[in-house]
Amino acid sequence: MIQITLPDGKILEKPVGTTSMDIAKGISEGLARNVLAAKFNGQVIDASRPLNSNGTLELLTWDHSEGKSTFWHSSAHLMAEALETFFPGIKFGIGPPIENGFYYDVDPGDQPISSEDFKKIEDKMLELARQSSQFVRREVSKEEAFQYFTEKGDQYKLDLIKDLQDGTITFYSQGNFTDLCRGPHIPDTGSIKAVKLMSVAGAYWRGDEKSKQLTRIYGITFPKQKELTEYLTLLEEAKKRDHRKLGKELELFTFSEKVGMGLPLWLPKGAQLRDRLEQFLKKAQLKAGYLPVVTPHIGNKDLYVTSGHYEKYGADSFQPIRTPAEGEEFFLKPMNCPHHCEIYKSKPHSYKELPIRYAEFGTVYRYEQSGELHGLTRVRGFTQDDAHLFCRPDQVKDEFIKVIDLVLFVFRALDFKEFIAQVSLRDPENKTKYIGTDENWEKAERAIVEAAAERGLNTVVETGEAAFYGPKLDFMVKDALGRKWQLGTIQVDYNLPERFELEYTGADNQKHRPVMIHRAPFGSMERFIAVLIEHCAGNFPLWLSPEQVIILGISEKYNDYAHKVSEFLKNSDIRASVDERDEKIGKKIRDAEIRKVPYMLIVGEKEAAENTVSVRKHGQGDMGSMSFEKFSEMILDDVKARMSGN
RNA sequence: GCCGAUGUAGCUCAGUUGGCCAGAGCUACUGAUUUGUAAUCAGUGGGUCGGGGGUUCGAAUCCCUCCAUCGGCUCCA
């Protein structure tokens with residue numbers, strides 16, 4: 001007999017070889033129907049696997065993320081089975097579950113698969129699912145595995161088997177399809193009730209640019225049709241928030257082929273929004289002891305030879321500008337730090353001065369591969385809310401914490417509640433990728449981990465994701481379509497101070513090397529605004545809104561009064577304008593609502609006579625009337641409260 | 001950069017077996033109207049059908065090529 005401990009603490013005595021499914025059936029038929037897999041002693045396994053030792057057991061259903069993963073992984077197999085019926089000889093790479101659904105990388109040979117094939121594949125998947133074929137697990141020898149896929153002619157599977165250890169290889173079969181697979185899988189295909197293939201895309205075999213490119217088919221499945229419908233509705237909603245769409249509709253930014261791809265043009269309203277954000281952060285930074293500096297957009301090649309960036313990125317960046325007479329080479333600056341190092345070097349420093357914090361909204365230019373460009377989130381010219389902190393080694397952790405606090409202040413002011421802090425450490429297996437000593441790396445990594453812990457950040461650690469010069473802490477958020485983007489970043493750098501031979505004089509009258517911290521709470525203005533647009537669906541908070549108030553006259557007769565109100569508001573630093581058009585009030589309101597102007601003031605005969613305005617709030621409707629002085633006060637109070645981060 | 005898809009007026013989109021001067025709505029402009037909380041009416045203007053080349057009596061439509069955009073991959077100081 002073995003003892004099985006359930007999540008509620010209950011302990012069951014069961015014969016050796018009992019399966020999780022048996023246990024589920026013992027609890028309830030309903031549960032048994034919904035069990036997709038099981039987690040035994042922390043390992044996810046098939047519900048049909050016999051249990052042979054004591055342990056803790058959790059039955060996984062659709063409500064568990066691991067249950068979903070198993071469901072989607074099995075769905076990938078189901079799709080593969082369907083694909084094989086339409087594309088005989090098709091070869092398979094890998095087919096894992098992902099955050100939303102699954103994909104399978106396939107090589108269909110000379111019979112391309114396009115989205116036009118989706119319908120028939122989906123139908124076939126549903127047809128196969130209805131047969132409720134069981135997923136059957138089988139342990140095979142490496143030799144047998146080789147033999148099977150050699151006969152099938154699937155070189156990708158052979159490539160995978162090559163790296164597997166004999167004795168650990170398993171096959172899973174359902175219906176007429178057998179795949180090399182670690183598992184686990186759901187009991188049978190019958191629970192897959194709704195299927196939707198999302199897209200096809202190219203993907204390199206094993207993620208290697210030099211390998212053959214396979215066709216990746218993305219799909220998602222659900223145990224209920226209703227859930228698929230809901231998911232598709234959610235995607236539609238997300239599309240409406242896409243910053244590229246809203247950016248155009250709200251006239252925030254645009255691109256021009258003539259100017260060049262990936263080079264955003266900020267329209268007046270977008271520039272206004274951007275300026276509000278800059279002013280907000282500049283104010284906070286002044287309070288936190290930052291010193292504003294300004295540096296040029298280009299820098300001599302020598303600067304980047306010294307920094308080491310020339311060697312690493314020289315060939316893959318915009319090529320240098322040459323002076324006609326001297327033939328000197330200048331690069332568009334891809335980052336601000338080398339310039340700031342030279343500012344630091346402009347005079348000797350005492351340990352008493354540190355930390356020194358140079359801040360600059362610095363516009364930088366990076367050559368991004370053409371296929372990488374994406375709205376405002378991935379561009380070739382962008383402005384970093386950059387700053388470089390030069391401090392003593394004993395100040396690193398404190399400074400780090402202060403920066404975390406600043407980032408959190410910004411996020412709070414802008415109502416970003418969901419983000420994760422990613423700690424990026426170097427890959428210990430591949431230390432040659434990085435510059436700097438082991439000792440310095442360890443010190444820096446420890447400082448980051450401790451600082452993040454002290455501020456209670458929700459962190460994930462990513463090994464091998466560090467920059468080549470130091471570890472970093474990045475704040476990640478998701479866009480409307482669930483894609484993850486890095487916003488703020490804090491990076492420790494022991495490298496540049498070394499390369500630029502930065503120094504300060506210590507209390508011992510000896511020269512010491514400062515530590516540098518790069519940091520940008522927004523990251524880049526472009527990306528931050530992109531994410532902000534999606535975050536608030538274009539309904540910017542009042543204090544940021546490019547147009548805060550629009551005054552709408554009932555007819556042209558009241559335009560004079562409307563202008564009087566507008567002038568009064570503008571004199572109080574409220575961004576107000578008048579819709580002077582000869583349109584009916586309904587039309588003016590509709591247009592202002594579509595433009596997402598936070599406040600509409602409707603003025604007619606009654607208001608003009610009483611010196612009042614009729615207030616309509618965006619998305620909420622009529623709020624009644626008040627004197628325009630009172631309205632102005634209300635707006636200013638709101639703005640003031642928000643800008644201070646409450 | 002790679003794979004796949006897309007590209008018609010300022011915007012959103014019709015226009016598919018190649019065939020009269022390429023269409024609609026919104027926007028813009030002109031006029032009428034002077035309006036009370038999400039679209040007043042009428043008229044006018046606006047397009048090298050992404051660029052270039054080709055096939056054809058004839059191309060927005062078929063082919064080639066380049067460019068840009070979109071979805072991914074790879075990359076991201």
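Helices and strands are here DSSP runs, of at least four residues for helices and at least two for strands, numbered from the N terminus. In this predicted model, the surface near RNA strand B draws at least two residues from each of strand 14 (194–204), strand 15 (213–222), helix 8 (243–249), helix 11 (309–313), helix 18 (585–594), helix 19 (605–610) and strand 34 (612–617). RNA strand B is surrounded by 51 residues, the closest being Gln213, Met261, Glu372, Asp582 and Ser614, and of the atoms of RNA strand B that come within 4 Å of the protein, 49% belong to sugar and phosphate. Classified by residue type, this surface comprises 22 charged, 15 nonpolar and 14 polar residues.

A polar side-chain atom of Arg590 is placed 2.5 Å from a base nitrogen of RNA strand B, whereas an N or O atom in the side chain of Glu209 lies 2.7 Å from a sugar or linking oxygen of RNA strand B, and for Arg616 the distance from a side-chain N or O atom to a sugar or linking oxygen is 3.1 Å.

Helix packing was examined for one pair. Helix 5 (residues 142–152) packs with helix 6 (residues 155–162) at an angle of about 165°, their axes being 9 Å apart; because angles over 145 degrees count as roughly antiparallel, the two helices are assigned to that class. Their crossing is left-handed, and the contact is formed by Lys142, Ala145, Phe146, Phe149 and Thr150 of helix 5 together with Lys157, Leu158, Ile161 and Lys162 of helix 6. This contact contains 5 nonpolar, 3 charged and 1 polar residues.

Notes. Residues are numbered from 1 along each chain as its sequence is written. Chains are lettered from A and ligands numbered from 1 in the order in which they are written. This is a predicted model: local features need pLDDT of at least 70, side-chain atom pairs count only at pLDDT 80 or more; totals for chains, interfaces and linings use all residues. Side-chain values use heavy atoms; hydrogens and water are left out. Axes are lines fitted to C-alpha atoms, for helices over the stretch in contact, and angles run from 0 to 180 degrees between N-to-C directions. Angles under 35 degrees count as roughly parallel, over 145 as roughly antiparallel, 65 to 115 as roughly perpendicular and the rest as oblique. A crossing is left-handed if the near helix is turned anticlockwise from the far one by less than a right angle, and right-handed if clockwise. Contact means heavy atoms within 4.5 Å. Ala, Val, Leu, Ile, Met, Phe, Trp, Tyr, Cys and Pro count as nonpolar, Asp, Glu, Lys and Arg as charged, and the others, Gly among them, as polar. A residue is near a molecule or strand if one of its heavy atoms lies within 4 Å of it. A polar contact is a pair of N or O atoms within 3.5 Å; within protein, one must be able to donate a hydrogen and the other to accept it, and residues adjacent in sequence count only if both atoms are side-chain atoms.
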